[in-house]
Amino acid sequence: MAAALLLCSALLCAALGCAGAALIPPAADVKVEVLHKPFLCHRRTKWGDMMLVHYEGFLERDGSMFHSTHKHNNGQPMWFTLGIREALKGWDRGLKDMCVGEKRKLTIPPALAYGKEGKGKIPPESTLIFNIDLLEIRNGPRSHESFQEMDLNDDWKLSKQEVKIYLKKEFEKHGAVVNDTQHDALVEDIFDKEDEDSDGFISAREFTYKHDEL
């Protein structure tokens, strides 16, 4: 059983494992403007990447600022992971293929921001404008693509059954034979480590951040 657990852990880790404004094609309903792009771009952002950004957020209706990492975050930039709904949906759609040193202006409609409820200083049904500077890109410990492969019903969380199905396929691919009882034990062990809020699912956020146990 210990050997099976080691194999499962290995499999899961492998799986989880220029100046001047210019318009680029919008992502869905997000209006994206490139305010500055570096002459050289060695890497572009993709889903699953961790991005370090400075940003300013404004209400489109009156131009008032509601947040700035320069002013409201002790002057510190912010890390977030692209493509797992950790930030606004509009950010996930508008910040792909971005280069370090690039600055973008995003105009995000309410449906891809805070919608009908609003949040804090942001009234309901507000269109938001963000000026975002990308300072650094890092590899996310687990890929967005792997999560999508495991998330069979596209609900942005993994059930025990979905993880079990995926593990069975991986074991078969590697020629390992594990019965249902062993699979159930493996899945329980995974959820003990990964399901931080104990809601019975592994969310996209829980999936993306690697824990020390793995």
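Helices (H or I, at least four residues) and strands (E, at least two) are DSSP runs, numbered from the N terminus. With that settled, I counted seven helices and nine strands in the protein.

A note on what I'm looking at: this is a predicted model, where local features need pLDDT of at least 70 and side-chain atom pairs count only at pLDDT 80 or more, while totals for chains, interfaces and linings use all residues. Residues are numbered from 1 along each chain as its sequence is written, and side-chain values use heavy atoms, with hydrogens and water left out.

**Entry: overall cover.** I looked up burial next (buried means under 20% relative accessible area, exposed over 50%, partly exposed in between, with a 1.4 Å probe and protein chains only). Of the 214 residues, 42% count as buried.

**Entry: strand β3.** I picked β3, residues 50–59, and found nine of its ten residues buried.

**Entry: L128.** I found L128 in strand β7, residues 128–138. Is L128 buried or exposed? L128 is buried, because its relative accessible area is 0%. I then listed its contacts (heavy atoms within 4.5 Å). Leaving out residues up to four places away in sequence, L128 touches F58, L59, F66 and L88, among others. G57 is 71 residues from L128 in sequence, yet their C-alphas are 6.9 Å apart.

**Entry: rings.** I searched for aromatic pairs: rings of Phe, Tyr and Trp (its six-membered ring) with centres within 6.5 Å, stacked if the planes are under 30 degrees apart, edge-to-face over 60 and tilted for the rest. The whole structure gave me five. F66 and F130 are edge-to-face, because their planes are at 90°, with the centres 5.7 Å apart. F66 sits in β4 and F130 in β7, so this pair ties together parts 64 residues apart in sequence. Both F66 and F130 are buried. Ring pairs also link Y55, F66, F80, W91 and F130 into a cluster.
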